[in-house]
Amino acid sequence: MRTATFLCARLLVCSALLTSPAALLADAAKSPAVAAEASPIILIQNATIFTVSHGTIERGSILIKDGKIAEVGASVKAPKDAQVIDAGGQFVMPGIIDCHSHIAVDGSVNEGSISVSSIVNIADVLNPDDVDIYRDLAGGVTVANVLHGSANAIGGQTIVIKLRWGQPASKLPFEGALPGIKFALGENPKRSNFSRGTARYPATRMGVEETIRGAFTEARDYKVSWDLYNKRTSAGEKNLIPPRRDLRLEPLVEVLEGKRYVHSHCYREDEILMLLRVAKEFGFKVRTFQHVLEGYKVADEIAAAGAGASTFSDWWAYKVEAYDAIPYNAALMTRRGVLVSVNSDDAEEATHLNQEAAKSIKFGGLSHDEALKMVTLNPAIQLGIDKRVGTIETGKDADLVIYNHDPLSDYAVVQKTLIDGRVYFDRQRDIADRPVREKEKKALLEKQKKSEKKPETGDAGKKPGEKKPEEKKPEEKPKPPQADAVFGGAR
């Protein structure tokens, strides 16, 4: 399914990422770019800049101050104290935003024991030591929407993070980004591929629909009870007993109030239309349909509902409900007015999302800018963070990627990735540090081998200088008497 044309560029990227996670983390933690309290003043100059929103600037420059883009244009002068990055012959674009990711999660991503698991939160299990953060940085990703799995009709709460490698988990969340919740439709929540264990409702697409409808019916009633209580207390009534808190329903009330986004795993057209009907019934919007491989069949309905679509470029036929997927899906939905992004759903796929976006130029005839938007501005809008990221504009976060070729080229390899004006991935530094990391890795492996050696037999508990005790020979069993001895030689 992956075309051979990407192999060379992908190997170049991945070769930088085979060192041990511990060594990489240690290097990141001691890096001045990460450890410094204030972001340095940086001028990127002589680059071809893809602003995404305001066209292309040839031989342009970007001035970064306090983690923000201070100035961008063809004639930007560097302050005296600025760190200058000469990007002559190179290309700069906004950092890639992955609208569907499962990286940086410590432990299982699925709480699959119940149909509605809205009580659990991915933010509670973020793992800053996950080496996939670094690997995705090397592929130009700066922001990821980290989702719960798809085992539930209504899954867990989601979170948007910045890939600040080397920082603690508390520093990963994207400040101010609206939280989300994961829904799932089709084979996964109805568990048609799970033969093990006890059967769990729902087991059909009808059941999935009613599970979601039932949960929002409860959430609506729960909201009414709290609204009434708050109204009465505001009016000055005393000694009122508040409604009993329900942690399962509170995130769904936030959905009804527009304070939490719905991101729904789906494939087939019928289930997409079903969720649109349920959302209309309860007055909330589906922010994104994830995967949405049959979205091209109902693109008009998705666009009319104001929902977004976050899809694959060309993954299909890996299960029955993905058989009708086509590589023209992203382009067809775009042409029908749907806001479309291309996502990874996979840590390795995220390392070349720029090339995944480029496939829609061939399959569907999208323009260069339209393809770039599918991994920058469009996912930023879908996640509600477009005022800060997604384009190269004055005042936005300095989340940038520098490539040696046009980002949509098969040969494009990331040279530097910046987040908040700090260099979190530098290819030259990575290559230069590999011998040191390899040496450290070998030393650690040798130390591990020595610690795993078992003591020789009989040495356990022996004091230094003490001679090894002589081994006693096992006593020989008495031989049976010979016939001559018993019978005196008589036969």
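Two strands pair if DSSP finds at least two bridges between them; strands are DSSP runs (E, at least two residues) numbered from the N terminus. The model is predicted: local features need pLDDT of at least 70, side-chain atom pairs count only at pLDDT 80 or more, and totals for chains, interfaces and linings use all residues. Residues are numbered from 1 along each chain as its sequence is written.

**Exercise 1.** Describe the open sheet and its edges.

Solution.
Step 1. The order of the 8 strands is β6-β7-β8-β9-β10-β11-β12-β13, with mixed pairing.
Step 2. β6 (96-101) and β13 (339-342) are the edge strands, each pairing on one side only.
Step 3. From one strand to the next, the twist averages 25 degrees (axes are lines fitted to C-alpha atoms, and angles run from 0 to 180 degrees between N-to-C directions).

**Exercise 2.** State how strand β8 is joined to β9, and then to β7.

Solution.
Step 1. β8 and β9 (residues 180-184) run antiparallel and are joined by 3 bridges; Ile154 has Phe183 in β9 as its bridge partner.
Step 2. β7 (residues 141-146) also runs antiparallel to β8, through 4 bridges, and Val143 has Lys162 in β8 as its partner.
Step 3. Of the 9 residues of β8 (154-162), 9 are buried, that is, under 20% relative accessible area with a 1.4 Å probe, protein chains only.

**Exercise 3.** Determine which way β11 and β12 run, and name the bridge partner of Phe289.

Solution.
Step 1. β11 (residues 288-291) and β12 (residues 308-311) run parallel, joined by 4 bridges.
Step 2. The bridge partner of Phe289 is Ala309 in β12.

Notes
Side-chain values use heavy atoms; hydrogens and water are left out. Buried means under 20% relative accessible area, exposed over 50%, partly exposed in between (1.4 Å probe, protein chains only).
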